Amino acid sequence: MTTRLEALPHRHVLTLPAMPGAVRLARETAEQALTEWGIGLLHPTVDPALLILAELVANSVRHAALLSPQLTVIYAADRDRLALAVHDRHPYQPPLYGALAGNGTGGLATVMELTLGLGGTAVIDPDSDGNGKSIWITLPL
């Protein structure tokens, strides 16, 4: 998880309880961090990035809270890219690109459509013990 962050000069880590209010707090923190980093909230990537973040946090709250009472949100950026990650301690690793092959109506399908539409990437980084993962989204600015 840290190797992705080392290349980006701006970083922020937020740990939250896996409860519905986490979505709002994650978005508000992202807006504050982006503003502090000089990335204007009117940048065309910001609104889709905030929706992606909200969907990932909501999925973690909805599907992982039983095994992972906390989740961690990682924000990082440089002048050319924005990286977001949501980490939980649930072992299930959803098929990111498989979400597009299904009916395309779930939150993960929305995440992937927005990510790929913006020319970004999505990866799952499993914890070394196999009992958790981070879903990383990287978007060009």
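The model you are looking at is a predicted one. Its chain has four helices and five strands, and 45% of the 141 residues count as buried. Let us start with the whole chain and then visit a few residues.

**The chain as a whole**

- If you draw a box along the principal axes, the C-alpha atoms fill roughly 35 × 30 × 30 Å.

**Surface and charge**

- The accessible surface of the chain is about 7,100 Å².
- Carbon and sulfur atoms account for 56% of that accessible surface.
- Counting charged side chains gives 9 positive and 13 negative ones.
- The centres of the positive set and the negative set lie 1 Å apart.

**Helix H4 and what follows it**

- Helix H4 covers residues 107-117, and its buried residues are Gly107, Leu108, Ala109, Val111, Met112 and Thr115.
- In an α-helix, residues three or four places apart point the same way, because there are 3.6 residues a turn.
- The buried residues of H4 pack against helix H3, strand S4 (121-126) and strand S5 (133-140).
- After H4 comes glycine 119, which has a positive phi, near 80°.

**Asparagine 59, a residue of H3**

- Asparagine 59 has its place in helix H3.
- With a relative accessibility of 15%, asparagine 59 counts as buried, because the cut-off for buried is under 20%.
- Leaving aside residues up to four places away in sequence, asparagine 59 touches Ala64, Gly107 and Leu108.

**Threonine 45, a residue between two helices**

- Look for threonine 45 in the loop between helix H2 (21-36) and helix H3 (46-64).
- Threonine 45 has 6% relative accessibility and so counts as buried.
- Its contacts, not counting residues up to four places away in sequence, are with Leu118, Leu139, Pro140 and Leu141.
- For proline 140, there is also a polar detail to find: a polar atom of the threonine 45 side chain lies 3.3 Å from the backbone oxygen of proline 140.

**Tryptophan 136, a residue of S5**

- Tryptophan 136 sits in strand S5.
- The relative accessible area of tryptophan 136 is 2%, so this residue is buried.
- Tryptophan 136 and alanine 122 are 14 residues apart along the chain, and their C-alpha atoms are separated by 5.6 Å.

**Glycine 21, a residue of H2**

- Glycine 21 is part of helix H2.
- Its relative accessible area is 36%, so glycine 21 is partly exposed.
- From glycine 21 to serine 134 there are 113 residues along the sequence, while the distance in space is 20 Å, C-alpha to C-alpha.

Methods: Residues numbered from 1 in each chain as written. Predicted model: local features only at pLDDT ≥ 70, side-chain atom pairs only at ≥ 80, totals over all residues. Heavy atoms only, no water. Buried < 20%, exposed > 50% of the residue type's maximum accessible area, 1.4 Å probe, protein only. Areas by Shrake-Rupley, 256 points an atom, 1.4 Å probe, with all protein chains shown as cover. Lys, Arg positive; Asp, Glu negative; His and termini not counted. Charge placed at Lys NZ, Arg CZ, Asp CG, Glu CD. Polar contact = N/O pair within 3.5 Å; in protein donor to acceptor, adjacent residues only side chain to side chain. Contact = heavy atoms within 4.5 Å.
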